Structure formats: structure tokens, C-alpha cells
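Please read them with the structure open beside you.

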Amino acid sequence: MVLYKSGSMLYKGVCQLVTENVERLAEEEIIPAFPSRSDSEPMQQGQEAELLLRALRRVWDDHTGNMSKLRDLLKYMVPLFLVSNVCVTHAYQDRVYTKSNDVPEIWDAGLDLFLKYIVRPPIQDHVVSAVLTLIQIERDGYVISRSAVKECVDVLLQLAVDQDGKTVYKRDLEPAILSASEVFYKSEAQRLVSTCDAPEYLRRAEGRFVSETSRTHHYLYSQTGPPLLRTLEQYLLTQNLSTVISMPNSGLDSMIDLDKVEDLNRLYRLFTMVPTGLLTLRRSLKDSILRRGRDINQSSITTDIAEDVDVDIDEADAPVTVSKGKGKGRPRAQGPPQTLALALKWVQDVLDLKDRFERLWKQAFASNREVESALNEVFTRDVFTPYANITVQAFEDLVNLNGKAPEFISLFIDENLKKGLKGKTDIEVDLILEKTITVFRYLTEKDAFERYYKNHLAKRLLFGRSVSDDAERGMLAKLKVECGYQFTQKLEGMFHDMKLSSEIMQGYRQHLQNISPPELEISVTVMTSTFWPMSHTASTCVLPEILTRSCKSFEHYYLSRHSGRRLTWQPSLGNADVRVQFKARKHDLNVSTFALIILLLFEDVEDDGFLTYGEIKSTTLIPEHELQRHLQSLACAKYKILKKHPPGRDINPEDSFSFNSGFSCPMQRIKIGTVSAKVESTEERKETRDRIDEERQYQTEACIVRVMKDRKQMAHNDLINEVTRQLAMRFQPNPQGIKKRVETLIDREYLERCDDRKSYKYLVRRWSCSLVYDTAYPSVPCQGMNDPRPPTLLFPLASLVLMEVIMLRRQSLGKQIVHRDILRDLMAWGN
């Protein structure tokens, strides 16, 4: 037939033979293997499905073996032609004929016939159903023969249904698998949500992902994996993210409370699989931290501050034991029982919360930067931005939800630097300070913290309460790194004053060796008035003669070496060591200067004599609130050096006092504490807030003028943004507040509106006022030790903008602009 070129007859004959064979195989091998019924046991269904798939594979192997032999046979039924002495073989029948007659080669024709007579209804439907049955049985937890499914899938992948190469698998089996998976996992998600807690749901969901990945790898086509996993992500994760993470008693909050790091890590891994998962996790983490933060803040809320007695005993004599006292000797707390402990507990709770979430961030959330940012933000703004920092967001909000945060953080540092660091190594000290700086970093009202910290630092330095000078300077260095040199300039000036005071006292003691020294030895701290936060007004207190002579001696020595300066004594900040003779023995008392003045009044009083409250007040001229505090410390606290008549806890104008000669105590040295409020009262906090708000107004005006002086003209929104940016290092300005300051500067002709009414123009300011120079104090006199530089050096160093604001302020208050006042304000504001 080949020689006589009867290719058509041969080709059709072979196809007919193949057709008859596949029809026979279908009837004898595949159709008898159809499953009997679908309501049988899963294992029986699996066995029947496996038999069908293996029958299909046997038929495929038989068919492909036959087609391979036919192809090889027909390839050699060709004539031989000698061309240039070279023997060339032509597959005439399977190549030349098929191409010239536009019919498929015999192998391809065999595949087409298999597709036509085997992969057809009802065989096709039964095969797909068998595969789906085995997959479902495996999903239900039973073991199946994966090899049977794999063999069937390989068959369907080799059968193309069009010229583009689309296979039977892609046309029939894969859509059926994805559709069945969608139905299954939709129902599975609903079942798991209703029957499982959050950790169990996550474990089962993760198990489903693992099993489907394994299924795709072992017997499904690799390209089926991504759409199959997307189905799982949609129904097991995306649709139930919020439900799972907020499950009561088992959701995110519960896992954090019970420290379930493994479950949290599983939650993180699953949630990061879907686009909205990480955003949901960030929001939930932020809400969780905020809820915990509100609980912490709620515990520190009170309407008033209880007074406490600060009683310390010299460590050389006995262990320190702070006793609140009982009965009549204990000062009565005014208002709710909020003490220093609440402030310290608030900061410690925030630090513990921060440590907990940082540990979870590392162990459970793989140190993810987006999670970290959300956590940190909760520790200021309740604003959610998709890629903002979530740990930072959360903790910023948490810290700034408490209006007392600046004071509490300063108190925490104060307590640790006073006595909390005793016995700790340098590494432990640095760790505590670093943690505190972490909380400070989240504060938006850093100017308020500066005011409180300055007060606490001043008391530590003046009263010698700091346990480590290195720790103090280390804390100062950390604040400088966070906020810059300007923030710590005055604080460093306080340390500089302490160093200069030590040198001055050395010189003074050497000076006393050459003269007749006063009978009372004193140690003086000379403070620059612009560095220290205390009031610099002269005290009305009348010092005893013995104190006055010592003060005059030092004053004469100091002014002889520093001309043009003025000293103002501040007895409210001093203390004294005095030896007192009681009937039983002598005791060395450490008391405040005011307490010493009060005790010296009883030196000339008979043993059974007494002094009334009015007599003490008129003799000493101590301010009334200070007098009451110190009398209460001497007569109503643990160590009753004086007797109060009548006995009681409060000091009244009708009371009288006598010396308690019968006082006894096993310790030689005793420190008499002063009744004081560790935390600000409501009135004090309001006063502090008013001062801060006033300072912010001037700072905002100075910033506006500085910006406009540089830019000359700016749009309103640009000006607001620039001023906000420059002031953000100290506080978060309110746009409405900036607008009010702009209006004020327009009224005072610093700025003017442009014609478009949307921008401002800077006006050159020309002063028409007169500057009065005070010749009485040519070297910048202020209350306390002042900058030794002459005025001619100070003016070039001062900001012209700051001078304008200060002079404007004094004009608005109706005050005369005096040279020394301008310089004093420059030193106070310029820092």
C-alpha cells in the first residue's frame, strides 16, 4: 500500500482499528468500574473511586503503548532514496501523507480518538466525580491512594482540547476542584467559627493550608495551587479576620493576657497571607494597647492629691523605715488617697506594658516593622495610616491620654535618681533610664515635662538627694539626644552652678582662715536666676542674728569678687544640722531653714513656756503656708520636737506650741521631713498649666515671626504647617491656637494679609518706644547669680525676634522697657 501510494486507505484503516480498540476498552474496563452509589461509607466510596481511576490509567497505558508501536511501524514503511551517496529515510506515511493531506499524525490522531471515545460523558463525569470524591474524603481526615489520583491527573494533563494547548485537566477537572473547594471551605469556615475558639480556629485553618499545599504538590497540577489557596484565604481568613481576632475569652486580648506566643505567631503568619490581614492585626493591637492604657490611666485619676510626709533617716544610724504614723500624730490627707505611689505605678505599668508588647513583637510577630510602628503610636495620635509605625502609634496614644503624664514621668525619674538606683550596677541604671526615655519619647508635651523635671532636679541638687552624679548626667545626656541642646541648656546650667558653688565655698573657707569667722558655719549654693525654676523674689523671713551675721560675711566675700551682682537669699530652699539637748540625750537634727528659725525661738523660752501661732508668725514673718507646713512637721509628724496645744493633726491660728524636752529616740541623727505634696494638687496643676499655656503663646508668636521674617510671605496653610513642625519638638500646637496668634500679630502690625486673603506678608517693625538703661546695675542685675558677660556681649547673641516678642509683651502689659529687664527676659526666654 505504501509502494502503490494508497496512504489514505492505510491512514483510515489504522484510525478505524484504533477506534474499535478504545471503544472495546471503554466497554470492558472503564464502564464496569463506575461507582455503584454515592450514599455508601466514605471508605467504600474511596475504594470505588480509586478503581475507576486505575481503570482509566490502565486503558491509557494500553492505548499509548499501542499508538507508540503503530507510530514506530509506520515510520519505517518508506522507500529509500540515495542522494549524493547518502541514504535518507522518509517517514512517508506518517509525515509526508499527513502534512500533504492536512490530517494529524498517527500519534496525535490516537490522542484525539482517546479523547473522543474515552473522555466523554458519562465516563468524563464519573472520572471528575471520582477525583472530587477522593479529595473530599481526604479533607474529611481519611487516607486515600494519592497515586491513583496522580495517575489520572497525568492522563488528563496530556490530553489537549484546542490548538492553544488547553488540557482536559484545565477545562474540566480544575474548575470542578476549585468550585467544590469553594463550597467546602465556605461551609467549613462557618462551622469553625461557630464551634472553635480563636486558637483552635487558627490551628485548623493553618492545617488546611498545609494540607492543600501538600495535595497540590503530590497529585494536583502545580498551577492549581495559587487559586486553591486564594479560596482558602478568602473564606477562612479574609471573611473572618475581625471575627476571629475579637472572639471573647479567646481572641487577641486573651492570647496576650495568657502569653500564648505560639498562637500569636500563628495568627501573625496567617494574617500576613491576605492583604487586609496585617491592617486588621495592627488595628486590633492598637485597640488592645489603648484599652489596657485606659485601665492604667483610670487607676491614676483622682480629683485631689493626698499629702504625704517625706521622712528620711540618716543611713549611718539605722535602716530607713518610713512610717505614716497613726492616731493624732498623723497628718490628715486632704481629698482622695492619691500619693506618689500612684504616679510611680503609672509609669511602671506603662513600662511593663511596653516591655510585654516589645517581647511579643520579637517572638510572635517576627519583628515586623509595620506592627512595631502601630504599637509605638498608641504609646499619641488616634490616627491610623496604613504604613505608619502601629506599636509606636498605640503607645503614643496611651501616654498622651493621661494629662498628668509629664509630671508622672518626671516623678518616676526623680524617685529612681533619689533612691531607686541604690545598689544597682551602671548597666542596670542605664537600662532603667533608657526605658524611661522610651516613654518620654512618646510625650507630645515635652515643655510641660521640662518644667516638672527642672523642679525635681533642682530639689535633688539643692538637698543632696541624688544617689549618683553620673546617673544624673547620663539622664541629661539622653534628654539632649532626644530634644537637642536648647532643651537641656538650663538643666546643664544648674549643674554648672553646683560646680561653681563648690569652688566658691572652697575660696570662702580659705578666706575665713585669714579673718575672724562667724560662729555659725554655712554652706551656700549660688544659683543663676535664669537657670533655676524657683521664685526669685526676696523672702520676708526674719533671720536670727546668728544666721544674719554668717550671711553678711559670705555676701561681703562674694560681692567683693563679683561686682554688679545682687544676691537674694532663699531660706525656703535651705536646710541645717542642729544639735538639740533633750532631757534624755542630745540629738542631731537635720531640718529645713524655716524649721531651724522656728526652733531657735524656743531657745529663750522656759521649759514650761509656750509660743502662740501668732507670736511665731509675727516674729519670723515666715509666709503662712510655709509656717503651717513646718510647724506640722515639727509637732504633728513622727518625730514630735514641739508639742502642739491642743493636740491635733492640723495647724490652726489659735494653737500654741512648746518645746518637747521629753522627746526620745534611739537614733542619734534624725531627719525631720516636711509635710508636702509629692504630686501637684488640682489648683497647682491648673496654675502650672496656665503658665505653660502662656509660655506657649509667646513661643508660638516668636516662631511665627521667625518664619515670616525668613520667608517674607507665606500662604496660611504653609505657615501653619511650618510652625507646627518647628514647635513639635516641645509641644503639639493647635492649628486654631496658631491662627489666633497670627491674628494677634496682625493687630499689632507684625504681619498683614495679602490681597488674596489666603496668605500673609511680614512687616518690617520699627520701634517708636524708648529704651531706658538702668545705670544702677550696669552688668545685668537679676535676683541671684547672673550671667557675668556685660550687656554689650549679650545683645548680639540674643535673637532679634525674641527681643521683639519680649519688648512687645512688656508694651502690652503697660510696663516701661528697661535695659536690665530686657536682658533678664532674654536670658529667661533665650534658652
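1. At the start of H8, the backbone nitrogen of Glu-200 has a side-chain oxygen of Asp-197 within 3.0 Å. Please keep in mind that this is a predicted model, in which local features need pLDDT of at least 70 and side-chain atom pairs count only at pLDDT 80 or more, while totals for chains, interfaces and linings use all residues. Residues are numbered from 1 along each chain as its sequence is written, and side-chain values use heavy atoms, with hydrogens and water left out.

2. Helix H8 covers residues 198–218, and its 21 residues should span 30 Å at 1.5 Å a residue, which agrees with the 30 Å between its end C-alpha atoms; the expected span is 1.5 Å times one less than the number of residues. Helices here are DSSP runs (H or I, at least four residues) and strands likewise (E, at least two), numbered from the N terminus. Among the buried residues of H8 are Tyr-201, Leu-202, Ala-205, Phe-209 and Glu-212, where buried means under 20% relative accessible area, exposed over 50% and partly exposed in between (1.4 Å probe, protein chains only).

3. H8 packs against helix H12 (residues 261–271) at an angle of about 50°, their axes being 10 Å apart, and H8 is therefore oblique to H12. Axes are lines fitted to C-alpha atoms, for helices over the stretch in contact, with angles running from 0 to 180 degrees between N-to-C directions; under 35 degrees counts as roughly parallel, over 145 as roughly antiparallel, 65 to 115 as roughly perpendicular and the rest as oblique. The residues of H8 that meet H12 include Leu-202, Glu-206 and Phe-209, and those on the H12 side include Arg-266, Leu-267 and Leu-270, contact meaning heavy atoms within 4.5 Å.

4. Helix H9 (residues 225–237) reaches 17 Å from its first C-alpha to its last, close to the 18 Å expected for its 13 residues. Its buried residues include Leu-228, Leu-232 and Tyr-235, and the cover over the buried residues of H9 includes H8 and H12.

5. Helix H19 (residues 446–462) and helix H21 (residues 485–512) have axes that come within 10 Å and cross at roughly 5°, so they are roughly parallel to each other. Phe-449, Tyr-453 and Leu-457 are among the H19 residues that meet H21, whose partners include Leu-491 and Met-494.

6. Leaving aside neighbours within four places in sequence, its contacts include Leu-462, Phe-463 and Val-591.

Methods:
A polar contact is a pair of N or O atoms within 3.5 Å; within protein, one must be able to donate a hydrogen and the other to accept it, and residues adjacent in sequence count only if both atoms are side-chain atoms.
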